[in-house]
Amino acid sequence: MAAPAANMKINADRLWDSLREMAGIGPGVAGGNNRQTVTDEDGEGRHLFRKWCEDAGLTMGVDTMGNMFMTRPGTDPDALPVYVGSHLDTQPTGGKYDGVLGVLGGLELVRTLNDLGVKTRHPIVVTNWTNEEGTRFAPAMLASGVFAGIHEQDWAYERTDAKGRKFGDELARIGWKGKEQVGARKMHAFFELHIEQGPILEAEGRDIGVVTHGQGLSWTQVTITGKEAHTGSTPMPMRRNAGLGMAKVLQLVDEIAWSHKPDAVGAAGHIDVHPNSRNVIPGKVVFTVDFRSPNLAVIEDMEKRLKEGARKICDEMELGIEFEKVGGFDPVEFDETCVTAIRNAAERLGYSHRNIISGAGHDACWINRVAPTAMVMCPCVDGLSHNEAEEITREWAAAGAEVLMHAVVETAEIVE
């Protein structure tokens, strides 16, 4: 495959302007975005994206999960398309670049190819995956998961939000429930550009992250039961303090994660304390331990040590304890050929880069199950994401989009 010339550059101003214009749809309260999946704002963002794509000569397909596929034809009608994209939906207090950069970076590479009159043998398809965030309808990466055969579509349609509304009904309500069979499309490859959502690239002064793996995830819900009692009148030796038991287990979680440094992590982000009163010793706590690692054996070891260690802590404190696995997926190893195309693109363009492991889940993690897949990352300020203060620079966006374009075009094969 012929590599594109190093002087093939995107229009950085056009990409930046597109990001800013999309950010005007579903604005947040603190400078970011609230464009949650299958809301009216999501529908408005989709219409703008569709207009831009059609202006660029792309034709649209929409499947029954609302995934949008915008196609630039190739010269070979029998060649499988190279797909590129991410998601347009955001967190309730989300940033302007998480996911959006990957979608609009895909659009920008097509616009650039049009400007330069470059043709490829394989078609190129710019994709917007529905409900990557999972904040309104759990789980995350819902539509790409159905596409890849991880979830059943009927099950996905029945997911409900906090007000009891169903995903399938809301998708139809905003007019983006397509007719194309989900998962029917075949891919030559898939590439996703994303902000890092972590601090490594910025801290090291690197322009590009070449994503080699995605972390596996394990969510274990832990319920510890003790005895509610008055905080002032119950002697210390007679307490069965579920909150204290949780504190000791969380210390254990931290120790377990540190024992597998540098790539493993662990914490509890969801915690419920009952009865959650100032003068009542907690009689019950429910919390979810989140372990992540790019190594499945490490995840399994962390799960095992959690259960053994937490049970020992609670037995010594005369507390009850129960465990429930409530979520998770295995680590992802991205396609070597696609990863190499990204690394070669960064080197050809003169961008500093390093291999990196994605700490978050992405649509690419599911699509990797059905097609050769890789990701490219750019830095974000202070590693901050899922926050309205999320920020990147114009230069970081341009570098990521240019590496993406070169990797996609090399894979799609330039026609001389």
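1. The model is a predicted one, in which local features need pLDDT of at least 70 and side-chain atom pairs count only at pLDDT 80 or more, while totals for chains, interfaces and linings use all residues. Residues are numbered from 1 along each chain as its sequence is written, and side-chain values use heavy atoms, with hydrogens and water left out.

2. The UniProt record (unreviewed entry) gives the feature "binding site" at His 87, Asp 98 and His 194; positions from UniProt are in the numbering used here, feature names are shortened, and annotations may be inferred rather than shown by experiment. These residues are spread over 108 residues of sequence but cluster in space, with a largest C-alpha distance of 9.8 Å.

3. UniProt (unreviewed entry) also lists Asp 98, Glu 133 and His 386 under "binding site". Although they span 289 residues in sequence, no two of their C-alpha atoms are more than 9.6 Å apart, so they gather at one spot. Asp 98 itself sits in the loop between β3 (82–86) and α3 (100–116), where helices (H or I, at least four residues) and strands (E, at least two) are DSSP runs numbered from the N terminus.

4. According to UniProt (unreviewed entry), the annotation "domain: Peptidase M20 dimerisation" covers residues 215–314. Over this stretch the chain is 36% helix and 34% strand, and the end C-alpha atoms are 30 Å apart.

5. Helix α8 (residues 242–258) packs with helix α9 (residues 296–316) at an angle of about 150°, their axes being 10 Å apart; axes are lines fitted to C-alpha atoms over the stretch in contact, and angles run from 0 to 180 degrees between N-to-C directions. The two helices are therefore roughly antiparallel, a term used for angles over 145 degrees. Their contact (heavy atoms within 4.5 Å) includes Leu 252 of α8 and Leu 306 of α9.

6. The axes of helix α1 (residues 12–23) and helix α2 (residues 40–55) come within 10 Å and cross at roughly 150°, which makes α1 roughly antiparallel to α2. Here Ser 18, Glu 21 and Met 22 in α1 meet Gly 45, Leu 48, Phe 49 and Trp 52 in α2.

Key. Angles under 35 degrees count as roughly parallel, over 145 as roughly antiparallel, 65 to 115 as roughly perpendicular and the rest as oblique.
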